[in-house]
Amino acid sequence: MSDTKSVWKKYAAAALAVVSVVGFASCGSSNGAGSDDSATSELEQVKKNGEIVFGTEGTYAPFSYHDTDDNLTGYDVEIATAVAEELGVKAKFVEANWDSLLAGVDAKKFDTVADQVTPNDGRKQKYDFTDLYTYSQGVAVTKKGNDDIKSFSDIKGKNAAETKTSNWNQTAQENGANIVSVNDFAQAVDAITSGRADVTLNDKLAVLDYLKQKPDADVQIAAKSEISPAAAFPIRKGEDDLVKALNDALAKLQEDGTLKKLSVKYFGEDVSVKQ
């Protein structure tokens, strides 16, 4: 074999190897919320996959929980499912602890979260939010017979049982409470009844649902906030098309009465509008 032929054979082999590597890289996975395809917008990826991935607790009744047949359901779950239908895709739910839900959005494990995420100032710096779909009122829950707390300001110096990254944790700290970390509201109630905590702040609708399910629970609503926290879907920054698509879906569901219907189903009143 001549030197010229040998050189050309080596060159061709090297070129083929480069093409193979490039071809393999271009065929990388582009499935689900975890895709790193920066050239494709989140909305385009959702449409391509035929599903939008929602992170949710699955233990936060009546917003996200399992029914007696172990099916995931709840107010937020049903709203998310209806929103997905408006987008022309399926809703996929991935369950996780509250404290890891927003981290799941950061890591692209979820497209968004359906779990009563309040768009507070701190979160707005990191995420874009859709329009609001829930309005409610904060409440302070204490052990029955505890008359020390009549307003949120009265929790100063008290031990408040809260999840680490919840909006209520922040509110409790702003009012001077000492935080006792818990994973969910049920653990917060246990902390109060066992004496490890004096109070827990939470959403009135969730508390009313809990008391409806457990009427013998040794806790009471001791105080209510003057403001109305709201819930929206958090989206990674820069995904304006997905935010707009979700807003359009929510507007349609508000217009056709779906949001009101789901509100009345779970709470007996319309919590999808500010009253």
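The questions and answers below concern a predicted model.

Biologist: How confident is the predictor in the chain, and what average pLDDT does the chain have?

Modeller: The model is predicted, and 85% of the residues score at least 70. Over residues 2-31, however, the pLDDT is below 50, and that stretch has nine contacts beyond near neighbours in sequence. Where pLDDT is low, the predicted coordinates should not be read in detail. For the chain, the average pLDDT is 87.

Biologist: How many salt bridges does the structure hold?

Modeller: Side chains of opposite charge can pair when their charged atoms come close. One of the salt bridges joins Glu42 and Arg236, and another joins Lys252 and Glu86. The number of salt bridges in the structure is seven.

Biologist: How many residues apart are Glu42 and Arg236, and are these two buried or exposed?

Modeller: The closest N and O atoms of Glu42 and Arg236 are 2.8 Å apart. Both Glu42 and Arg236 are buried. Glu42 belongs to helix 2 (residues 42-49) and Arg236 to strand 14 (residues 234-236), so placed that the pair links distant parts of the chain, with a separation of 194 residues.

Biologist: Which elements does the salt bridge of Lys252 and Glu86 tie together?

Modeller: In this salt bridge the N to O distance is 3.7 Å. Lys252 is partly exposed, at a relative accessible area of 40%, and Glu86 is partly exposed as well, at 35%. The pair ties together parts that are 166 residues apart in sequence, because Lys252 lies in helix 9 (residues 240-255) and Glu86 in helix 3.

Biologist: Where do Lys126 and Asp106 lie?

Modeller: Lys126 forms a salt bridge with Asp106, and the closest N and O atoms are 3.1 Å apart. Lys126 counts as partly exposed at 47% relative accessibility, and Asp106 counts as partly exposed at 33%. The two are 20 residues apart, with Lys126 in the loop between helix 5 and strand 6 (127-129) and Asp106 in helix 4 (residues 101-106).

Biologist: What is the arrangement of the aromatic pair formed by Phe63 and Tyr75?

Modeller: A pair of aromatic rings is described by the distance of the centres and the angle of the planes. The count of aromatic pairs comes to 10. In the pair of Phe63 and Tyr75 the centres are 6.3 Å apart and the planes stand at 70°. An angle over 60 degrees counts as edge-to-face, and the pair of Phe63 and Tyr75 is edge-to-face.

Biologist: Why does the pair of Phe63 and Tyr75 tie together separate parts of the chain, and how many residues apart are those parts?

Modeller: Phe63 is buried at 0% relative accessibility, and Tyr75 is buried with a relative accessible area of 0%. Phe63 lies in the loop between strand 1 (51-56) and strand 2 (65-66), whereas Tyr75 lies in helix 3 (residues 75-87), so the parts that the pair ties together are apart in sequence by 12 residues.

Biologist: What kind of pair do Tyr266 and Phe267 form, and which residues form one aromatic cluster?

Modeller: Tyr266 and Phe267 form a tilted pair, 6.3 Å centre to centre with 50° between the planes. Tyr266 is buried, with a relative accessible area of 15%, and Phe267 counts as buried at 17%. The residues of the one aromatic cluster are Tyr60, Phe63, Tyr75, Tyr266 and Phe267.

Biologist: Which residues of helix 6 are buried?

Modeller: What covers the buried residues of helix 6 includes helix 5 (121-124), strand 8 (138-143), strand 9 (159-162), strand 10 (178-181) and strand 11 (200-203). Just after helix 6, Gly176 takes a positive phi of about 85°. Within helix 6 (residues 167-174), the buried residues are Asn167, Trp168, Asn169, Thr171 and Ala172.

Biologist: What distance separates the C-alpha atoms of Ala231 and Asp131?

Modeller: Ala231 is in strand 13 (residues 230-231) and is buried, with a relative accessible area of 1%. Beyond its neighbours within four places in sequence, Ala231 is in contact with residues including Gln116, Pro119, Asp131 and Tyr133. Ala231 and Asp131 are 100 residues apart along the chain, and their C-alpha atoms are separated by 8.5 Å.

Technical notes:
Residues are numbered from 1 along each chain as its sequence is written. This is a predicted model: local features need pLDDT of at least 70, side-chain atom pairs count only at pLDDT 80 or more; totals for chains, interfaces and linings use all residues. Side-chain values use heavy atoms; hydrogens and water are left out. Buried means under 20% relative accessible area, exposed over 50%, partly exposed in between (1.4 Å probe, protein chains only). Helices (H or I, at least four residues) and strands (E, at least two) are DSSP runs, numbered from the N terminus. Contact means heavy atoms within 4.5 Å. Rings of Phe, Tyr and Trp (its six-membered ring) pair if their centres lie within 6.5 Å; planes under 30 degrees apart count as stacked, over 60 as edge-to-face and the rest as tilted. pLDDT is the predictor's confidence in each residue, from 0 to 100. A salt bridge is a side-chain nitrogen of Lys or Arg within 4 Å of a carboxyl oxygen of Asp or Glu.
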